[in-house]
Amino acid sequence: MLDLHKIDNALVRIQARDADLWREMQHRLDQRSKDIALADDKHSHAAAEFTAKSIVLRSGRPVLTVSNDAAQLVFKDAESTVWRERLQQARKRLIPPIRAVGRIELKGHPRLDWVGTGWLIAPDIVITNRHVAQEFGRAGGEAWVFRAGAAGAPMQAGIDFLEEFQRAGDRTHAIHKILHIEDEAGPDLAFLQIKGKNLAAPIPFATAAPHSDQQVAVIGYPARDSRIPDLRLMEQVFGDVYDKKRLAPGQVERADARVVLHDCSTLGGCSGSPLIDLASGAAVGIHFAGRFLEANYAVPANVIEERLRAVISGKPARAHAQSTSPAAAQPGRQDSTTITVPIRLKLALALPAVTGSAINVIAVSTETDDEDEFATEGRREDYLDRQGYQADFLGKGNLAPLPAVRRGKRNVLTFDFAGDPRAFELKYEHFSVVMHRERRLCFFSAVNIDGATSKPSKRAGWLLDPRIPSSAQIKGECYGNPPKFSRGHMTRREDPVWGPAAVAARGNTDSMHVTNTVPQMQAFNAPVWLGLEDYALQHARQDDMKICVFTGPVLKDDDPVMFGVQIPRVCWKVIAFVHEQTGKLCATGYSISQERFLKPDEFVFGAFETYQRPLRWIAQETGLSFGALARADRFKPPEGVSAGALQDFQQIRFF
């Protein structure tokens, strides 16, 4: 998709704050207007406009290659005279901080070779973000320790102050001690101690408070980000150079004592980058979160100084969570809904005035919908014929009963239905749901699937269940266009659609009840997770092609609250079937997390990852009991070894 709307918003923001730069950009756009006018159809016109505006935007918010500790203002076809002059004037002030910035690298991590950016703030102290340091560090009693790696031994971390484009060698120094990692209530900071000689001079902190329109630059290591829907736009801005040291100039959009908003071009990997004042070469703050071409956030220098003094003194005080209105962070906008966005500082920061989001992440199902339209609640009596999930679906001797809620049992939603004043199972066609009374989400959804009689179907509209109060069901408050969420099916829409035509049609309609959904980030990119049921069907007995699937969220007390709804970080799935080769009942469990994507940081690399999990792990995380079904799970990860992400179905172990 060609995201012209996002480009236009970025151009408008530059126009409002930087007259000199805008005149240059407008001139370049005028020069390319002929190409746009000559486009012979709607599609080619949009493509020409996209190309022209993205090239112009690249000159206004460039991302420069760093070579020999200096930023190189070199473009393919859109060099900016304005930025060239500004950066030449700041050249001597930029070289020292460029030398003090490095890429944080890991040995022994199960997935990542490097995790973000760090920089020297004292002769032997490096600062980065909390969410970067948490990849390799954790609390260990009275001190901080390195996490266990893929082989069971502690991970090793270092920082390479080089990693420049087309330059061999390195300037790597070991991180030998984790001094402090802020807790979730505090700013997104971590302090690390390194060993080494001939280190660069630490970057000084700016003495003056940051202010709107201040010219700044981010120095860091942008990584290719698969979450961005328009990869062509990312390539236009970043020039297909990733994982190397880059400098991206821009401006401060807004600042106060708690946060700095800026518009430098950043990607995943820039987390932990210094935000440098071009006039002084001092650090205005540390970048910790962002959405591509929409909004970027930094912890201001005064907060860093305060926390550093506390760490050095051995008395790092606990910070207190704060929240504000989005309108307060977006001057001139008075029509915003007040929400709390948990992005490290616990601030409800401004969401950009753009409808698109650069964060494209996992769906729990293959189909989502953001509309807030609901059919009128049906009559309670219409549900009297629903049989729900059947525990004996797999045949005699292969019972797969509903999970039992053990932890938090008092939170199971009960209702009066069909003569049972304490009913708790919402029975639908071929599946059942058990709801959490306070969270307005399901503990789980359980479905019987007969792959041999599955029917194709068209999506129906969303429904509220009349058997329980509408106040116990999440309707529309957290759903909508990004940055709001999609409704993610627990039981996939197509799973209960089988049997005779009328029965299959009921299964299709019933799957669209909001009781069968959880809030999930927009879009998805986890093919292994999405194909688990189909893969399990292939391993079921060919004469029956039947499986049972249980899916649900992991509901934690500290799940983040967004748009007035507490959002689950993790979802799980258990699949039960009779194995074709062994003829025995088989159960296998999985998990997938959207935790990193719930916050607008750019730390995450690549797509969601699906893990095979023992049922005992799922039971421990959820407080559910799978009874005898747990004995049908033969998966046992090696002792002391972190489970690796599934890259394809062949890695799944049934026995």
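View 1. Phe 550 is buried, with a relative accessible area of 0%, where buried stands for under 20% relative accessible area, exposed for over 50% and partly exposed for what lies in between (1.4 Å probe, protein chains only). This is a predicted model, in which local features need pLDDT of at least 70 and side-chain atom pairs count only at pLDDT 80 or more, whereas totals for chains, interfaces and linings use all residues. Residues are numbered from 1 along each chain as its sequence is written, and side-chain values use heavy atoms, with hydrogens and water left out. Rings of Phe, Tyr and Trp (its six-membered ring) are taken as a pair if their centres lie within 6.5 Å, and planes under 30 degrees apart count as stacked, over 60 as edge-to-face and the rest as tilted. By this rule there are twelve aromatic pairs. One of them is the tilted pair of Phe 288 and Tyr 297, with 6.4 Å from centre to centre and 40° between the planes. Phe 288 is buried at a relative accessible area of 0%, and Tyr 297 is also buried, at 1%. The ring centres of Tyr 389 and Phe 550 are 5.4 Å apart and their planes stand at 55°, so this pair is tilted. It links distant parts of the chain, since Tyr 389 belongs to the loop between α9 (326-329) and β17 (404-405), while Phe 550 lies in strand β25, 161 residues apart. Helices (H or I, at least four residues) and strands (E, at least two) are DSSP runs, numbered from the N terminus. Tyr 389 is buried as well, with a relative accessible area of 5%.

**View 2. Strand β12 and its partners.** Nine of the ten residues of strand β12 (residues 246-255) are buried, so the strand is largely enclosed by the rest of the structure. Two strands are said to pair if DSSP finds at least two bridges between them. Strand β1 (residues 64-67) runs antiparallel to β12 and is joined to it by two bridges, with Thr 65 opposite Arg 246. Strand β11 (residues 215-220) also pairs with β12 in the antiparallel sense, over six bridges, and here Gly 220 has Arg 246 as its bridge partner. Three bridges join β12 to the antiparallel strand β13 (residues 260-262), Ala 255 being partnered by Val 260, and a hairpin of four residues leads from β12 to β13.

**View 3. Helix α13 and its buried face.** In helix α13 (residues 615-622), the buried residues are Leu 615, Ile 618 and Thr 622. Seen down the axis of α13, these residues fall within an arc of 60°, so they line one face of the helix; the arc is that of the directions from the helix axis to the C-beta atoms. An α-helix has 3.6 residues a turn, so residues three or four places apart point the same way. On the other side of α13, Arg 616 and Gln 620 are exposed. The elements that cover the buried residues of α13 include β25 (546-554), β28 (570-578), β29 (585-593), β30 (610-613) and β31 (624-625), contact meaning heavy atoms within 4.5 Å. Just after the helix, Gly 623 takes a positive phi of about 80°.

View 4. Six strands with antiparallel pairing form a closed barrel in the order β3-β4-β5-β10-β9-β8. Neighbouring strands of this sheet are turned by 45° against each other on average, direction ignored. Helix α8 (residues 301-313) packs on the sheet and touches β4 (114-122), β5 (125-128), β9 and β10 (190-194), its direction making about 55° with that of β10. Axes are lines fitted to C-alpha atoms, for helices over the stretch in contact, and angles run from 0 to 180 degrees between N-to-C directions.

**View 5. The nonpolar cores.** A nonpolar core is a set of buried Ala, Val, Leu, Ile, Met, Phe, Trp, Tyr and Cys residues joined through side-chain atoms within 4.5 Å. The largest core has 95 residues, of which Trp 119, Phe 136, Phe 191, Leu 247 and Ile 304 touch the most other members. Another core, of 76 residues, lies apart from it, and its members include Phe 444, Trp 529, Val 554 and Ala 632.
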